Amino acid sequence: GLSAAHRLARLRARRPPGVLCRLGALFNAARVGGRNTLAAMAVPAERFEAVAAIVNSFAEVAHNYQRDHRLNMWFVVAADSRERVGQVLTEVQARTGLAVHDLPKLTEFHIGLRFEA
């Protein structure tokens, strides 16, 4: 029974700035006829921002994360077909000159997330 504005105000009041970065639906691509994959790259620190801009320029890239690991850029590609997912990964590799590791989901796990009221 709360308005969207009231819900957003409550979320903002309960979370410190920078903690909650996105609130939205998460769709199961396979259930709606699409495909997705997790991808990882080893990106030199001096090129990280430029490579991130290339990766993020694809509409199929759902989100992109920097990790403290040799494979320091991780992103999800969601598209209408496995073929298009592969095309995006190939294009990212061609445009960056860096290897893209395709890590498709083998098993799905449900992780419940609940906030105390």
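At 37% relative accessibility, Arg82 counts as partly exposed, a label for values between buried (under 20% relative accessible area) and exposed (over 50%), worked out with a 1.4 Å probe on protein chains only. That's our way into this structure, which is a predicted model: local features need pLDDT of at least 70, side-chain atom pairs count only at pLDDT 80 or more, and totals for chains, interfaces and linings use all residues. Residues are numbered from 1 along each chain as its sequence is written, and side-chain values use heavy atoms, with hydrogens and water left out.

**Salt bridges**

Arg82 has a partner: Asp102 forms a salt bridge with it, meaning that a side-chain nitrogen of Lys or Arg sits within 4 Å of a carboxyl oxygen of Asp or Glu. Arg82 belongs to helix α3 and Asp102 to strand β4, so this pair ties together parts that are 20 residues apart in sequence. Asp102 is partly exposed too, with a relative accessible area of 30%. By this rule the count comes to 3 salt bridges, and here they are:

| Pair | N to O distance |
|---|---|
| Asp102 and Arg82 | 2.2 Å |
| Glu60 and Arg84 | 2.9 Å |
| Arg84 and Glu91 | 3.1 Å |

Glu60, Arg84 and Glu91 are linked in a network. Glu60 is buried, with a relative accessible area of 17%, whereas Glu91 counts as partly exposed at 32%.

**The sheet**

Now for the strands. Helices (H or I, at least four residues) and strands (E, at least two) are DSSP runs, numbered from the N terminus. In general, strands of a sheet pair through backbone hydrogen bonds, either parallel or antiparallel. Here, 4 strands form an open sheet in the order β2-β3-β1-β4, and the pairing is antiparallel; two strands pair if DSSP finds at least two bridges between them. β2 (61–66) and β4 (101–103) stand at the edges with a single partner strand each, so one side of each is left without a neighbour in the sheet. From one strand to the next, the twist averages 25°.

What joins β2 to β3? There are 5 bridges between β2 and strand β3 (residues 73–79), and a hairpin connects the two through 6 residues. Tyr65 stands opposite Trp74 in β3, while the bridge partner of Gln66 is Met73. In the loop between β2 and β3 you'll find Asn72, which counts as buried at 11% relative accessibility. Leaving aside neighbours within four places in sequence, Asn72 is in contact (heavy atoms within 4.5 Å) with several residues, among them Met41, Phe48 and Tyr65.

**Helix α3**

Back to the helix that holds Arg82. The 15 residues of α3 should span 21 Å at 1.5 Å a residue, and its end C-alpha atoms are 21 Å apart, which agrees; the expected span is 1.5 Å times one less than the number of residues.

Which residues of α3 are buried? They are Val85, Val88, Leu89, Val92 and Thr96. These cover an arc of only 95° around the axis, which puts them on the same side of α3; the arc is that of the directions from the helix axis to the C-beta atoms. They pack against β1, α2, β3 and β4. On the other side of α3, Glu83, Thr90 and Ala94 are exposed. After the helix comes Gly97, whose phi is positive, near 75°.

Note on methods. Axes fitted to C-alpha atoms, helices over the stretch in contact; angles between N-to-C directions.
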